[in-house]
Amino acid sequence: MKLRRGAAALTGAALLLGAAPAAYAQDGGGAAEDAGLFGESDPTYDGVWRQSLAVLALRAEDRPVPENAVDWLRAQQCEDGSFAAYRADAGGECGEDVLAESNATAMAVQALTATRGADAEETRAALGWLLDIQNEDGGWPFSPGDPTDANSTAAVVGALVAAGEDVDAVTSDDGSSAYDALRALQLGCDADGGAPGSFAWQPDGDSGELFTNEAATVDAALAMQGSGVLVDPVSGDERPAATECGADAGALPEDEAPRAAATAVAELLDGEEGAFVPNPFADGDPDVGATARAVLALAAGGYGGATEEPLAWLAENAQEWTAGSPAALGQLILAVRAGDGDPAEFGGTDLTADLVALAPEADTAEDGTDGGEPASDAEEDGDGGSTAGTVLLVVVGLLAGAGIGLLLAMRGRSGRRGGAASGGTATDSGTAAGSTADDHRQGWGNSSDASDSSGSSDSSGSSGSSDSSGSSGSDSSGGDSGGGGGD
């Protein structure tokens, strides 16, 4: 098959294919260049990831998204459609010092789909680049030319689903899909490296065996449910059934793979000290980001009962992780919403208000509006963005005619659940909710490893021994992504 292509063709060949750049992102950036960026922490390793999650969370909560926030994200895109973790010089060309990566690109696709639409030029270009770097086994690498890993493949599944693509139909030249690649990394009843249904990041480099990786399991499980990070709220008490393995059982049947993946996630949460996913790189301490993603995976499978305990644990333990972090707040908002909770009243905190407080100040367009969504959408949403702009033009004209010379700035505000939103109207007609959006794959960020922003991707082995926490919020090793969750 090949992915349906939109209006624009890619403007150049994949500039970074086969290259071995020295860095995954450009260091630096300043107030002027990053005026539309969420948060104030260094965006070097999580800028695109952070921005995308924040935008998606606001859209999911029907909150206005500042137009300059979407403009910032669009400006980060390279000429070939790809995204790096961050580009300080967004106005320049993408050279060898910028490494395009699947994770940042996949998450940007979800944010662009939600704000610009699935058929927007930027969205189609990013999807086209992802298609071009698909491996023969049907999966995706962290960066072009690398072997397939579970986290990156899961991230791209989320992008495809968000854009309305048929994941099974997006195949390599030999006919393999992302689901084929993920099933090849899923442990069956005949595996010795972990629980049936769990996932390895990659096969062991020496033996080729599969060993369970917690972050890979959580991310791949979400993808196996056919969902991205925008998961429809689920309620009820359903839980995934235990995976049964007989004496002669081998690989899991194809139709059992999604449920077995959810079961493996539920088992990760079933600890003696609380319902959280352990971080193997922190002596089993709680991995807050992976726990939030586990909620998304379980909710996407319809297992509402299995989300209750991890959400209760997050309500008690996520405050430090989310403090000042747009990526962490975005993840948690999406998880709470998926579990049919209210992000405005979670653990004594209004998560959405906290995220809005980290939003960039909205630009004011020449007509006095914030340059947000089209008039038809604004009227449909009831936020009055278009009407307010029209009234403002009349008022400004009258004032100018009277010689007063006063320009009134109007900022549209729409609230959900009683919360005040800042930063202008929604940017486009993308849907805020729905299971047709992703996640990820790797990098979601965790307070325990957020300080490690090396941004390098280690493909040395399936154990996820190296944490590339920085780059785009994904950990190419599957060991948890730092993706801004802990910024």
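Biologist: What covers the buried residues of α2?
Modeller: The cover includes α1 (47–60) and α3. Here contact means heavy atoms within 4.5 Å. Helices are DSSP runs of H or I with at least four residues, strands are runs of E with at least two, and both are numbered from the N terminus.

Biologist: Before we go on, what kind of model is this?
Modeller: This is a predicted model, where local features need pLDDT of at least 70, side-chain atom pairs count only at pLDDT 80 or more, and totals for chains, interfaces and linings use all residues. Residues are numbered from 1 along each chain as its sequence is written, and side-chain values use heavy atoms, with hydrogens and water left out.

Biologist: OK, back to α2. Which residues are buried there?
Modeller: In α2 (residues 67–75), they are Glu67, Asn68, Ala69, Val70, Trp72 and Leu73. Buried means under 20% relative accessible area, exposed is over 50%, and partly exposed is in between (1.4 Å probe, protein chains only).

Biologist: And threonine 113, buried or exposed?
Modeller: Threonine 113 counts as buried because its relative accessible area is 11%. It sits in helix α3 (residues 102–115).

Biologist: What does its side chain reach?
Modeller: The threonine 113 side chain gets to the backbone oxygen of valine 109, at 2.7 Å.

Biologist: New topic: at what angle do α7 and α9 pack?
Modeller: Helix α7 (residues 214–224) and helix α9 (residues 288–300) pack at about 30°, and their axes are 8 Å apart. Axes are lines fitted to C-alpha atoms, for helices over the stretch in contact, and angles run from 0 to 180 degrees between N-to-C directions. So α7 and α9 are roughly parallel to each other, a label for angles under 35 degrees.

Biologist: Which residues meet there?
Modeller: From α7 you have Ala215, Val218, Asp219, Ala221 and Leu222, and they meet Ala290, Arg293, Ala294, Leu296, Ala297 and Ala300 of α9.

Biologist: Last one: what is the phi of aspartate 283?
Modeller: Phi of aspartate 283 is near 55°, a positive value in a residue other than glycine. Most residues other than glycine have a negative phi.

Biologist: Where is it?
Modeller: Aspartate 283 is in the loop between β1 (277–279) and β2 (285–287). With a relative accessible area of 79%, aspartate 283 is exposed.

Biologist: And what about aspartate 340?
Modeller: Aspartate 340 isn't a glycine, yet has a positive phi of about 65°. It lies in the loop between α12 (326–338) and α13 (351–357), and is partly exposed at 48% relative accessibility.

Terms used:
Parallel < 35°, antiparallel > 145°, perpendicular 65-115°, else oblique. Polar contact = N/O pair within 3.5 Å; in protein donor to acceptor, adjacent residues only side chain to side chain.
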